[in-house]
Amino acid sequence: MPVMPGRRDPLRRDIDEVIRRDLCSGCGVCELISDRVTMTDQDGFRRPAVTGEAEVDVAERARRFASSCPGRVVLAQRPEGSSRDDFLGPITGAWSAWATDPAVRYAGSSGGTLTAIAQHLAAKGATVSSVAASPQNPRRTVPVQIMSREEALASAGSRYAPVSAGGRVAEGASVMVGKPCEASARRALDEATGEGSPVMLSFFCAGTPSQGATDALLEKNGIGREDVVDDLVYRGRGWPGDFYARAPDGRTVAVDYTTSWGRSLGPAVQWRCRLCVDGVGESADITAGDYWESDERGYPLFDDAAGRSALIARTARGLEIVQECIESGVLEVAPLDIDALLGVQRYQVERRKYLVGRLMGNRVTGGRNPRYRGFNLWWLVRRSPIRLFHEIRGTVARARRHRSS
């Protein structure tokens with residue numbers, strides 16, 4: 001569509017407003033709305049930049065952005081044939097699962113299930129978009145396409161760093177692996193345009209840390225910010241897997257998951273992630289998450305073990321794919337106790353249950369919130385007035401520190 005010099009530009013205005021309000025998740029889906037949008041590095045995160053004159057149909061493009069950007073709106077999902085859990089979202093099937101290929105299971109963060117599914121679909125001719133460490137600079141995470149087992153293995157494991165998996169790399173792909181916000185945005189955009197969505201694979205997510213958090217963790221452990229690394233993984237290579245990096249001169253860093261995430265990466269997640277309603281990938285066809293043993297208090301036991309996933313099919317299409325992978329021997333599964341999963345995924349349960357408090361605290365300090373529709377947030381928190389107050393007070397303090405930094 002040609003652009004018109006001097007035309008009003010509501011798309012640029014609305015994108016800039018989401019960034020200014022610190023509600024951008026860096027998903028990249030706005031790149032699919034206009035060729036004028038390009039994801040760039042800004043202050044340690046991925047943010048869209050809009051250039052050029054507005055298109056003739058810019059108002060329609062702005063409407064698509066308003067209905068799909070997860071900094072503007074996220075919709076609870078109720079696919080046909082699914083049951084809905086208040087905390088896990090839609091479910092058409094659920095299993096404890098792991099990849100039967102030992103190399104895939106070892107490389108993956110929690111049993112290698114998504115890697116195994118992506119590899120299976122690629123072998124059938126699907127074009128799979130995902131992310132992996134940059135071959136040129138493994139400190140960075142970049143979008144990739146998976147066409148082979150080797151490429152699937154290279155993309156296995158969590159990447160706790162900024163990357164826009166929902167952007168142009170996913171355009172035209174028949175399978176997209178992405179964060180919950182990327183699945184939400186792509187699902188909503190495709191519904192707005194009337195186009196069919198790719199098969200979407202997602203995972204339980206606790207937020208996107210800044211790129212600076214990775215560099216600081218390396219520096220703290222002896223590899224400077226300017227030093228080259230030729231290998232860097234955040235998790236995988238066993239479960240739960242260490243943060244591991246290697247420099248060409250032989251220096252290595254190995255930090256256990258509890259320390260790397262809990263003390264360095266987790267505290268550095270972007271502000272939008274602290275207000276997130278969906279860390280469980282509701283809008284995907286298939287979602288995987290850690291499924292670990294817990295102690296008598298319900299806290300996870302991060303003992304080294306062979307990984308396994310809580311694997312949830314959300315749509316009829318997702319259920320069909322999982323069943324095909326089971327029947328073909330790609331996945332091995334066992335029954336999944338949903339209550340047990342809720343017990344070990346306490347963070348995901350509590351972030352949704354008490355999110356109203358965070359949203360209220362953000363508003364008190366002058367922030368704006370995305371619109372979250374269909375999640376029954378007030379109903380979830382109705383019996384927890386004391387915890388609600390603590391969430392409000394805690395968010396007010398965090399928001400003031402954040403905005404003054």
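## Strand pairing at S7 and S8

In this predicted model, Val-128 lies opposite Ile-146 of strand S8. The pairing to which these residues belong connects strand S7, residues 128-133, with S8 through six bridges, and the two strands run antiparallel.

## The eight-stranded sheet

S7 and S8 belong to an open sheet of eight strands, arranged in the order S8-S7-S9-S10-S14-S15-S6-S16 with mixed pairing. Its edges are formed by strand S8 (141-146) and strand S16 (331-335), each of which pairs on one side only. From one strand to the next, the twist averages 30°. In general terms, strands of a sheet pair through backbone hydrogen bonds, in either a parallel or an antiparallel manner.

Helix H6, which spans residues 180-193, packs on this sheet. The helix touches strand S9 (175-177) and strand S10 (199-203), and the direction of H6 makes about 155° with that of S10.

## Packing of H4 against H10

A packed pair of helices is described by the angle and the distance between the two axes. For helix H4 (residues 113-123) and helix H10 (residues 316-327), the axes come within 11 Å and cross at roughly 90°. Because angles of 65 to 115 degrees count as roughly perpendicular, H4 is roughly perpendicular to H10.

On the H4 side, the contact is made by Ile-117, His-120 and Leu-121; H10 contributes Ile-321, Glu-324 and Cys-325.

## Burial and the end of H4

Helix H4 is mostly covered, with 10 of its 11 residues buried. Among the buried residues are Ile-117, His-120 and Leu-121, which also take part in the contact with H10. Thr-113, Leu-114, Thr-115, Ala-116, Ala-118, Gln-119 and Ala-122 are likewise buried. After H4 comes Gly-125, which has a positive phi near 105°.

How many disulfides does a search of the whole structure find? The search returns zero. A disulfide requires a pair of cysteine sulfur atoms within 2.5 Å. For Cys-30, the closest cysteine sulfur is that of Cys-27, at 6.0 Å, which is too far for a bond.

Are Cys-30 and Cys-205 buried or exposed? Cys-30 has 9% relative accessibility and therefore counts as buried. Cys-205 is also buried, its relative accessible area being 14%.

Methods. Residues are numbered from 1 along each chain as its sequence is written. This is a predicted model: local features need pLDDT of at least 70, side-chain atom pairs count only at pLDDT 80 or more; totals for chains, interfaces and linings use all residues. Side-chain values use heavy atoms; hydrogens and water are left out. Two strands pair if DSSP finds at least two bridges between them. Helices (H or I, at least four residues) and strands (E, at least two) are DSSP runs, numbered from the N terminus. Axes are lines fitted to C-alpha atoms, for helices over the stretch in contact, and angles run from 0 to 180 degrees between N-to-C directions. Contact means heavy atoms within 4.5 Å. Angles under 35 degrees count as roughly parallel, over 145 as roughly antiparallel, 65 to 115 as roughly perpendicular and the rest as oblique. Buried means under 20% relative accessible area, exposed over 50%, partly exposed in between (1.4 Å probe, protein chains only).
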